[in-house]
Amino acid sequence: MAIEIVPLAKSDIPGAVDCVQKAFADDPYFQWVFNDPAQFNIQRNAASLAAHFEYGLSCNCPISVAKVSHVLNDQKATRDVQLLPGTIVGVGWWYSPQPASTPQTWSVWAQECLLSIRQFLNNVRFLGRGGLNIDRYWIWKQVQHDAHEALWKDQRGYYFCNMVGVSSQARGMGVGKRLMESVIERADQEGIPCYLESSKGYPNVTIYEKMGFRLVKEIECADKGDVCKLYCMIRDAKTKS
Ligand SMILES: CC(C)(COP(=O)(O)OP(=O)(O)OC[C@H]1O[C@@H](n2cnc3c(N)ncnc32)[C@H](O)[C@@H]1OP(=O)(O)O)[C@@H](O)C(=O)NCCC(=O)NCCS
């Protein structure tokens, strides 16, 4: 099987949503913020993710997908038989660096308004947030904001890995690394550091260390004794422009 890394196109959004939902189904943060499985509405969650991808595309965020391009007749590739050409098996979504001195642009502000409207319409259409624990969501937002205030010292900003996920069938094949490298290489050329947060300590911290990240802080989102830990990692640029 050959897998290509390509920029996300609008037509890729349904496949990217499906990939993210499967890749993060056992993610500790996901399970903490959607803490009542009986309330979880997968269609509502898909609509929310699709709205976020639309937002990311409109804001020119560096978002890549790993797509099966063709299946090779390789005896060793037995685990790939289910993956048809065109299947999205990985998603890497980054935010571009935002220098501390640069205010948010009007176009990003407008896209945030549009995202809020889409989410409101999703609430109406699906009669709620589909199991999202809104108190926990805001706890996470505050903890994340405080972490960025404490850790983001570089005035030029950081390439922020918002999410990277690879389908279980395609893990350990270098797909995650290629999704990360597509932005890391650009960051190195520009001399800009990268940043990520992962709620899965094992094996992700080791995986990201192999890509040049170092663990800088462990933060906790706590709600009535139920805690979700996040591992904050920074990668310094390898070369300066
Ligand atoms: C984390 C994740 C994106 C990594 O993607 P992947 O395609 O499996 O990783 P790769 O195959 O590109 O491996 C990258 C490196 O990590 C190593 N690695 C991969 N899985 C590993 C594991 N379980 N334990 C230790 N090292 C591992 C690889 O050997 C490789 O190292 P190398 O460059 O020295 O060869 C993927 O496992 C995933 O989607 N996990 C679930 C969702 C998630 O947790 N996302 C991250 C949220 S921040």
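How close do the axes of helix α1 and α3 come, and at what angle do they cross? The axes of helix α1 (residues 13-23) and α3 come within 9 Å and cross at roughly 120°. Axes here are lines fitted to C-alpha atoms, for helices over the stretch in contact, and angles run from 0 to 180 degrees between N-to-C directions. Helices (H or I, at least four residues) and strands (E, at least two) are DSSP runs, numbered from the N terminus.

The model is predicted: local features need pLDDT of at least 70, side-chain atom pairs count only at pLDDT 80 or more, and totals for chains, interfaces and linings use all residues. Residue numbers start from 1 along each chain as its sequence is written.

At this angle α1 and α3 are therefore oblique to each other. Angles under 35 degrees count as roughly parallel, over 145 as roughly antiparallel, 65 to 115 as roughly perpendicular and the rest as oblique. The crossing of α1 and α3 is right-handed. A crossing is right-handed if the near helix is turned clockwise from the far one by less than a right angle, and left-handed if anticlockwise. On α1, the contact uses I13, A16, V17, V20 and Q21. On α3, it uses I42, N45, A46, L49, A50 and F53. Contact requires C-beta atoms, placed from the backbone, within 7 Å. Nine of these residues are nonpolar, two are polar and none is charged. Ala, Val, Leu, Ile, Met, Phe, Trp, Tyr, Cys and Pro count as nonpolar, Asp, Glu, Lys and Arg as charged, and the others, Gly among them, as polar.

Helix α3 (residues 42-58) also meets helix α4 (residues 106-126). Their axes come within 10 Å and cross at roughly 165°. The two helices are therefore roughly antiparallel. This crossing is right-handed. From α3 come Q43, R44, A47, S48, A51, Y55 and S58; from α4 come Q111, L115, R118, Q119, N122 and F126. The contact of α3 with α4 holds five nonpolar, six polar and two charged residues. In the loop between α3 and β2 (63-70) lies N60. Phi of N60 is near 55°, a positive value in a residue other than glycine.

P203 sits in the loop between β5 and α7. A cis peptide bond joins Y202 to P203, with omega about 5°.

UniProt, in an unreviewed entry, places the feature "domain: N-acetyltransferase" at residues 86-238. Such annotations may be inferred rather than shown by experiment. The span is 41% helix and 27% strand, and its end C-alpha atoms lie 34 Å apart.

How values were computed: Contact = placed C-beta atoms within 7 Å.
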